[in-house]
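Let's walk through this structure together, moving from the overall layout to a few residues. Please keep the viewer open as you read.

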Amino acid sequence: MSSVYSASSLKAELNERGWRLTPQRETILHIFQNLPQGEHLSAEDLHARLVEEGESISLSTIYRTLKLMARMGILRELELGEGHKHYEINQPYPHHHHHLICVRCNATIEFKNDAVLKAGAKVAQKEGYHLLDCQMTIHAICPKCQRSLMPV
Ligand SMILES: [Zn+2]
Ligand SMILES: [Zn+2]
């Protein structure tokens, strides 16, 4: 799996790949590194937090930065209902996890499954690919929403 992202090793790795960790990007990274387990931020959520911290950054810059960070394997992109994307830090094993998402209310449960990760790693290795992430997303309807769908 990918390396553990401490701020310093990440900085070095980003420099190596020609991506400058500007103070603003570092602030974004810091926010994601300190998110409580199970919390995922949308671009709008992140924007609100940055504005709160006194940063002036446009939503379009945030969209671009999040996309880039996801493509580099630093963040993971999580597709919630209605094409709504949320992000979280890409944590290596053993914190690596998958998501069970309610398509009606977006309630999300994180779960671990080493078999999925192993299967992904095996396929990538066989083809000579460098694995960045392997996640399973299960779309379902939660018990609460099932109850509200029941006929009276
Ligand atoms: Zn998650
Ligand atoms: Zn639900």
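Helices (H or I, at least four residues) and strands (E, at least two) are DSSP runs, numbered from the N terminus. By that reading, the chain has six helices and five strands. Their order from the N terminus is α-α-α-α-β-β-β-β-α-β-α.

A word on conventions before going on. This is a predicted model, in which local features need pLDDT of at least 70, side-chain atom pairs count only at pLDDT 80 or more, and totals for chains, interfaces and linings use all residues. Residues are numbered from 1 along each chain as its sequence is written, chains are lettered from A and ligands numbered from 1 in the order in which they are written, and side-chain values use heavy atoms, with hydrogens and water left out.

The C-alpha trace spans about 60 × 45 × 20 Å along its principal axes. Buried means under 20% relative accessible area, exposed over 50%, and partly exposed in between (1.4 Å probe, protein chains only). On that scale, 35% of the 152 residues of the chain count as buried. Taking contact to mean heavy atoms within 4.5 Å, residues 24 or more positions apart account for 51% of the contacts with a separation of 6 or more.

Now to the interior. In soluble globular proteins, nonpolar side chains tend to be buried together. A nonpolar core here is a set of buried Ala, Val, Leu, Ile, Met, Phe, Trp, Tyr and Cys residues joined through side-chain atoms within 4.5 Å. The largest such core has 23 residues, and Phe32, Leu46, Leu66 and Ile74 have the most contacts inside it. At least two residues of this core come from each of helix H1 (7-16), helix H2 (23-33), helix H3 (43-52), helix H4 (59-71) and strand S2 (85-89). Another core, of five residues, lies apart from it and includes Val116, Ala124, Leu131 and Cys134.

Next, look at how the helices pack. Axes are lines fitted to C-alpha atoms, for helices over the stretch in contact, and angles run from 0 to 180 degrees between N-to-C directions. The axes of H2 and H3 come within 11 Å and cross at roughly 110°. Angles under 35 degrees count as roughly parallel, over 145 as roughly antiparallel, 65 to 115 as roughly perpendicular and the rest as oblique, so H2 and H3 are roughly perpendicular to each other. Where they meet, Thr27, Ile28, Ile31 and Phe32 of H2 face Leu46, Arg49 and Leu50 of H3.

H2 also packs against H4: their axes come within 12 Å and cross at roughly 65°. That makes H2 roughly perpendicular to H4 as well. Here Arg25, Ile28, Leu29 and Phe32 of H2 make contact with Thr65, Leu66 and Met69 of H4.

Which strand holds Arg76? Arg76 sits in strand S1 (residues 75-79), and counts as buried because its relative accessibility is 3%. A polar contact is a pair of N or O atoms within 3.5 Å; within protein, one must be able to donate a hydrogen and the other to accept it, and residues adjacent in sequence count only if both atoms are side-chain atoms. One such contact, of 2.8 Å, joins the side chains of Arg76 and Asp133. A polar atom of the Arg76 side chain also lies 2.9 Å from the backbone oxygen of His97.

Finally, His95 lies in the loop between S2 and strand S3 (98-102). With 42% relative accessibility, His95 counts as partly exposed.
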